[in-house]
Amino acid sequence: MTGSLFSDINDFITKNPVRMHFPSHKGIGDSSFVSKAYDITELGFSDNLLHPTSSIMDAQKWLSELFSSQATLVSLNGSSAAIAAAAMACVGEGDTVLLGDNSHIACYYAIIHAGATPARFLVSDHVRGACLCEVQKAIEENPGATAAIITCPTYLGCSTDLLEIIELLRKSSVISIVDEAHGGHFHFYDGLPASAMDSGADISINSGYKTLNGPTQSAFLHLGHNSPVGEGEALKWLRTVHTTSPSYPLLLDLLQSMEAMGQVHRTMEECHSHFLEVADFVSSHSMVMLNSQAAALRSGTSYDFFKMPVDFTDLGFYGPKAAKFLEADHSIYAESIGLDYILFAAGLNSRPRDYNMLMNGLGDLASQRGMENDRAVVGFRYAPTLPKSAMGMKKAMKSKYRLLDIEECEGEISSDFLSIYPPGCPIVIPGDVIDIETVNFFITHKENRTGFSNNLVKVVI
Ligand SMILES: Cc1ncc(COP(=O)(O)O)c(C=O)c1O
């Protein structure tokens, strides 16, 4: 019984929509492996992803050469499992992990699995990401921290000071784990920011489907040439968070998609020039391409041309409404929708027609300037401060709780993560005291229906 899911997805495909969302393959290309014929198990000849000794071991060795890592492991439980494995391999009970407040929730889950404590630091600009001085300050405030998880590139497609940050962490004896879920393609083209492996990271994680052409759920865990963690150790921990029955169709599809990566130079050049055309179009219609603007404003920041985060603050549009308009009138489906911006995600399979239709749609949107004048609440993109922590994350999650409206939460200790999606980075984590500024921040998002999904908040009794 598929209900309406199957027909809804079929209707979507039949529309031939402009897919500016993940996965990056954009629905183009058939995987011959989706056939049930390839859905096998570990049969000796088919090796074992979690204990590789033959063909899968060779494939992972080939991947490590492709990415210039010391070793590369495949995760079929997404970047989430790869980040958890990395954290567990590096830290344990009582260890401190530096973590910018622009980190994905998967990084917090990883720290919970590892039994460590996060030392969160404020990242002043979530478009650009953490800069060297913010990481420096975090190191000074947390002497003895064992590891740092740095999110680079950001969700909106910027990379900042990565080489210098990794160097600083090394000098400070802090292990560098780079959540590079959105930068799997960087190593394959010089005109993109440098990859974490090429920048000397100890460990990095790439998604196989966000900006590479693999299937959803696939990811890579790379170990750098100077990594303090060996391949066997990383694999040991990956096993603890991975399904014990990895899917062969997903694995084969991922490996096949990576075969093309050696020859993507020309396509990358085309994608870059399409990006520049869209960026020009956007700025000539009173909108802003946030990532290329951030890179232009600050040296040390570079941008990913697969990401097109378009800010229409000056047009006064309300994000969700603008996105609905683009979907209904232009069949454009975006990766994510903020208060006053929309993120369009292109990829190697994006076609000239997709970029042209995107410009048509944005032009049409700009001409609707008056659209019921739903002026977005601007200036509320990030939380104003970091909440204070009253107890550890795990203890707070295991505590008895009651449910309150956000309006009633001032002074309460949260038992859960609270965030705005997008970008989905937790603002309150379990154990944090919910202060009045945070309450007001969430009330604003609740009133505007912009991504605050915790209708009722779990607070510790
Ligand atoms: C920056 C970042 N890291 C990690 C993850 C988790 O990746 P996955 O959903 O593949 O487990 C995401 C997911 O969106 C992400 O954006």
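Mentor: Domain bounds here come from an automatic or database domain assignment. This is a predicted model: local features need pLDDT of at least 70, side-chain atom pairs count only at pLDDT 80 or more, and totals for chains, interfaces and linings use all residues. Residues are numbered from 1 along each chain as its sequence is written.

Trainee: OK, what domains is the protein divided into?

Mentor: Domain 1 (15-23 + 280-373), domain 2 (32-261) and domain 3 (393-460). The centres of domain 1 and domain 2, taken over C-alpha atoms, are 28 Å apart.

Trainee: How many residues of domain 1 are in contact with domain 2?

Mentor: 19 residues of domain 1, against 18 residues of domain 2. Contact means C-beta atoms, placed from the backbone, within 7 Å.

Trainee: Which element gives the most to the side of domain 1 that touches domain 2?

Mentor: H10, with four residues. Helices (H or I, at least four residues) and strands (E, at least two) are DSSP runs, numbered from the N terminus.

Trainee: New topic. How do H3 and H4 pack?

Mentor: Their axes are 8 Å apart, at an angle of about 40°. That makes H3 oblique to H4. Axes are lines fitted to C-alpha atoms, for helices over the stretch in contact, and angles run from 0 to 180 degrees between N-to-C directions. Under 35 degrees is roughly parallel, over 145 roughly antiparallel, 65 to 115 roughly perpendicular, and the rest oblique.

Trainee: Which residues in H3 meet H4?

Mentor: Ser 79, Ser 80, Ile 83, Ala 84, Ala 87 and Met 88.

Trainee: And which helix gives the largest share of the shell around the ligand?

Mentor: H3 (residues 78-90), with three residues.

Technical notes:
Contact = placed C-beta atoms within 7 Å.
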